[in-house]
Amino acid sequence: VKQEAWHLLAIFTATVAGFIAKPLPMGAVAIIGIMVTSLTGTLSIANALSGFGNNVIWLIGAAFFISRAVIKTGLGARIAYHLMKILGKKTLGLSYGLGIADLILAPAMPSNTAREGGIIMPLIRSVAEVYDSDPAKGTQRKIGSFLMLTAFQINIITSAMFMTAMASNPLAAELAGKAGVSISWGDWFLAALVPGLISLVVLPLVIYKFYGPEIKQTPEARELATGKLLEMGPMTPGEWITSGVIILLLFLWVGGQALSIDATTAAFVGLAVLLLMGVLTWQDMLNETGAWDTIVWFAALVMMANQLNNLGFISWFGDTVAGQVSHLEWTMAFLILALVYFYSHYLFASQTAHISAMYAPFLAIALTVGAPPVLSALVLAFFSNLFSSLTHYANGPAPVVFGTGYVTMGTWWGMGAVISVINIVIWVGAGAIWWKVIGLL
């Protein structure tokens with residue numbers, strides 16, 4: 001391994017530590033990391049800035065901007081209210097309605113925090129208010145606790161189902177690409193479809209069984225949704241245009257390979273339509289600080305990960321660790337690797353930090369022990385979302401939901417541990433059958 005690789009590893013580790021400790025915002029830590037790689041002579045300034053030329057970074061940036069249109073036009077809230085109206089007669093049905101709303105919004109909203117905190121959670125608080133379910137009054141278990149916990153766990157599943165449903169998913173896909181494993185948007189969606197749908201059906205039932213609400217019937221929720229829809233009136237031109245763009249994007253992301261249109265180009269097509277039609281303005285894009293922040297820290301991480309690979313560190317690490325499990329059959333070796341990768345998230349307060357630190361090395365080890373390349377890359381990518389079930393600090397939406405006070409820390413960790421096992425069984429068990437059907441196994 002070249003000496004520069006060890007220098008870069010130290011800078012990379014310090015950058016990831018900065019993301020975890022957050023002495024400064026992530027974007028600022030990333031800028032400092034880029035500066036140090038060049039100032040120390042570890043990389044040329046051209047290589048240090050190479051991450052900004054990565055097309056996946058601009059895919060996620062464009063998706064952030066498109067999600068702004070979903071919120072700005074009110075389309076996201078309208079979809080959720082319609083589903084509340086249809087499925088909101090009972091509390092369990094209401095949880096499924098909110099889950100379906102999250103699922104519909106997920107492909108075009110890469111900020112799972114925005115989906116959960118900006119659209120779904122305000123709806124839950126409105127319902128909880130109707131039923132006087134308030135942590136300050138000690139009445140959170142009436143309905144709010146169940147809906148909050150269920151919506152959070154569903155958000156994790158929807159984030160795992162689409163490459164564009166969570167900001168760090170494209171980072172995993174990019175790291176897989178650097179290891180020689182290509183994953184398209186369609187590959188990701190197809191592999192996640194069946195286990196994801198099973199999880200979306202099973203998890204609300206499990207939470208209902210072990211942490212069910214006191215109020216089982218919710219006719220008032222349907223009335224609330226009906227009233228809100230009347231207030232909103234008919235769909236506006238902006239909502240129609242945004243709906244059309246989302247449908248166009250899904251078509252291009254699923255079938256773009258046949259049309260020779262890559263995912264980033266498709267995202268820019270959708271963004272351009274929104275700008276040309278006046279649904280979004282340039283000021284809207286400038287105000288979308290989360291997108292610009294993601295572009296900066298994402299560029300730094302992709303650059304460092306790419307350069308570590310180019311300098312030979314990733315392959316060396318994979319060969320070294322693989323030697324410790326090389327005596328095992330690949331299925332057992334990969335299962336051990338995947339479980340260690342999953343439960344090590346107790347030590348992380350960021351999906352991005354976890355993926356940055358462990359995804360590429362663990363994928364390299366999996367490939368070395370003979371695991372199928374695409375399957376290995378996808379399972380680790382799915383686990384990079386599913387492990388967020390564990391703690392109240394596991395990802396962006398977790399502290400947002402936990403901070404409402406509806407779910408205690410003990411319940412969060414206890415249910416998180418149970419749900420983690422259920423998700424692993426579904427995604428590895430039922431998933432394996434599905435992956436065999438589609439040729440991944």
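Buried means under 20% relative accessible area, exposed means over 50%, and partly exposed lies in between (1.4 Å probe, protein chains only). D132 is partly exposed because its relative accessible area is 32%. This is a predicted model: local features need pLDDT of at least 70, side-chain atom pairs count only at pLDDT 80 or more, and totals for chains, interfaces and linings use all residues. Residues are numbered from 1 along each chain as its sequence is written, and side-chain values use heavy atoms, with hydrogens and water left out.

Where is D132 found? D132 sits in the loop between helix 7 (112-130) and helix 8 (144-161). Helices are DSSP runs (H or I, at least four residues), numbered from the N terminus. D132 is not a glycine, yet has a positive phi of about 55°. Most residues other than glycine have a negative phi. K22 is not a glycine either, and also has a positive phi of about 55°. K22 belongs to the loop between helix 1 (3-21) and helix 2 (26-39).

## Two surface patches

A patch is made of residues with over 30% relative accessible area and no salt bridge; like charges are joined within 9 Å, and nonpolar side chains (Val, Leu, Ile, Met, Phe, Trp, Tyr) within 5 Å. A salt bridge puts a side-chain nitrogen of Lys or Arg within 4 Å of a carboxyl oxygen of Asp or Glu. Accessible areas come from the Shrake-Rupley method with a 1.4 Å probe; for residues, only the protein chains shown count as cover.

K85, K89, K90 and R222 form a surface patch of positive charge. R222 is part of helix 11 (residues 219-232). R222 is partly exposed, at a relative accessible area of 32%.

The nonpolar surface patch consists of M332, L335, I336, L339, V340 and V428, with about 430 Å² of accessible area together. Helix 17 (residues 330-343) gives the largest share, five residues. V340 lies in helix 17. V340 is partly exposed because its relative accessible area is 43%.

Contact means heavy atoms within 4.5 Å. Is T352 buried or exposed? T352 is buried, with a relative accessible area of 7%. T352 lies in helix 18 (residues 351-368). Not counting residues up to four places away in sequence, T352 touches M26, S168, L171, W297 and L301.

L440 belongs to the segment after helix 21 (409-437). Leaving aside neighbours within four places in sequence, L440 contacts A191, P372, V374, L375, L378 and W435. L440 and L378 are 62 residues apart along the chain, and their C-alpha atoms are separated by 9.9 Å.

Conventions: Lys, Arg positive; Asp, Glu negative; His and termini not counted. Charge placed at Lys NZ, Arg CZ, Asp CG, Glu CD. Helix = DSSP H or I, 4+ residues; strand = E, 2+ residues; numbered from the N terminus.
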